[in-house]
Amino acid sequence: MGRAAALKFAQEGAKIVGCDINTTTDAATIEAVRELGGEIISISPCDLTKRENCEQLVNLAMKTYGCIDVLYNNAGMAHMSWLDDCKHDDWYKTIDQELSLVYQLTQVAWPHLKESGASIVNVGSANGWIAIHPVPGIAHTAAKGGVIAMTRQLAMEGRAHGIRANSISPGLIQTLQTAPLLEDPEWTSDVMQKIMMGRIGQPEEIAAVASFLASDESSYITAADIWVDGGMTAW
């Protein structure tokens, strides 16, 4: 979803400061954006659970462009398990890699976001709202519920500085992380029964909403969570 967002933002004329924990995929994203004529710089490997990496990323943006107009908190990694099977480390790794990194990067960037009256866009999940029968997401649901709640708090704290903060809650999206699950036809069939539109979402469909929330077209929207889930949470 990060690459799809980078491409969409580039098409809209954004200057992108990105990062990736994987240097190979980072290079591929940079190449894809530049092939479109877009402008991008990026850091890899970059682990946003480490504060010094957050500071490095923010400093790069400020040194290169002098401001931050949009903060898109898309990074994350879930370690999926049921409560009975959840390992101690998997709980804390998921909270760290899906919730704490959003807090950490936002806090580091906050002084600059206040100066520009930025738009913050966070990525939650349908799992932050509902429990989905075949999804072993005890830590994932907690982390993404926290992201959604924190977004509302950021909107409230940022209002005096012209900051808008919103989140997107994707449903089942075809990504590298969901690929192993989607290879199981029984699992996929079970989840598909919850999706009104009867199909899996694509990363580009999340990126389109992120672009909208980042732009002035959503100028009267803040503290909102947008469900991009094919109707999953309404059924």
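Buried residues have under 20% relative accessible area, exposed ones over 50%, and partly exposed ones lie in between (1.4 Å probe, protein chains only). Helices here are DSSP runs of H or I with at least four residues, numbered from the N terminus. The model is predicted: local features need pLDDT of at least 70, and side-chain atom pairs count only at pLDDT 80 or more, while totals for chains, interfaces and linings use all residues. Residues are numbered from 1 along each chain as its sequence is written, and side-chain values use heavy atoms, with hydrogens and water left out.

**Helix α7**

The exposed residues P185 and E186 sit on the face of α7 turned away from its buried side. The buried residues of this helix are W187, T188 and V191. Seen down the axis of α7, they fall within an arc of 95°, so they line one face of the helix; the arc is that of the directions from the helix axis to the C-beta atoms. These buried residues pack against α6 (179-182), where contact means heavy atoms within 4.5 Å.

M196 lies in the loop between α7 (185-192) and α8 (203-214). Together with M197 and W235, M196 makes a nonpolar surface patch of about 390 Å². Such a patch is made of residues with over 30% relative accessible area and no salt bridge, with nonpolar side chains (Val, Leu, Ile, Met, Phe, Trp, Tyr) joined within 5 Å. A salt bridge is a side-chain nitrogen of Lys or Arg within 4 Å of a carboxyl oxygen of Asp or Glu. Areas come from the Shrake-Rupley method with a 1.4 Å probe.

| Residue | Relative accessible area |
|---|---|
| M196 | 48% |
| K114 | 33% |

**Helix α4 and the cores**

K114 has its place in helix α4. Leaving out residues up to four places away in sequence, K114 touches H161 and I163. The C-alpha atoms of K114 and A160 are 8.7 Å apart, although 46 residues separate the two along the chain.

A nonpolar core is a set of buried Ala, Val, Leu, Ile, Met, Phe, Trp, Tyr and Cys residues joined through side-chain atoms within 4.5 Å. The largest core has 25 residues, of which L48, V58, I68, L105, L113 and I120 touch the most other members. Two or more residues each come from α3 (51-65), α4 (88-116) and α5 (138-158). Helix α4 gives the largest share, seven residues. Apart from this core lies another, of 21 residues, including A6, V209, A214 and V228.

Technical notes
Patches are made of residues with over 30% relative accessible area and no salt bridge: like charges are joined within 9 Å, nonpolar side chains (Val, Leu, Ile, Met, Phe, Trp, Tyr) within 5 Å.
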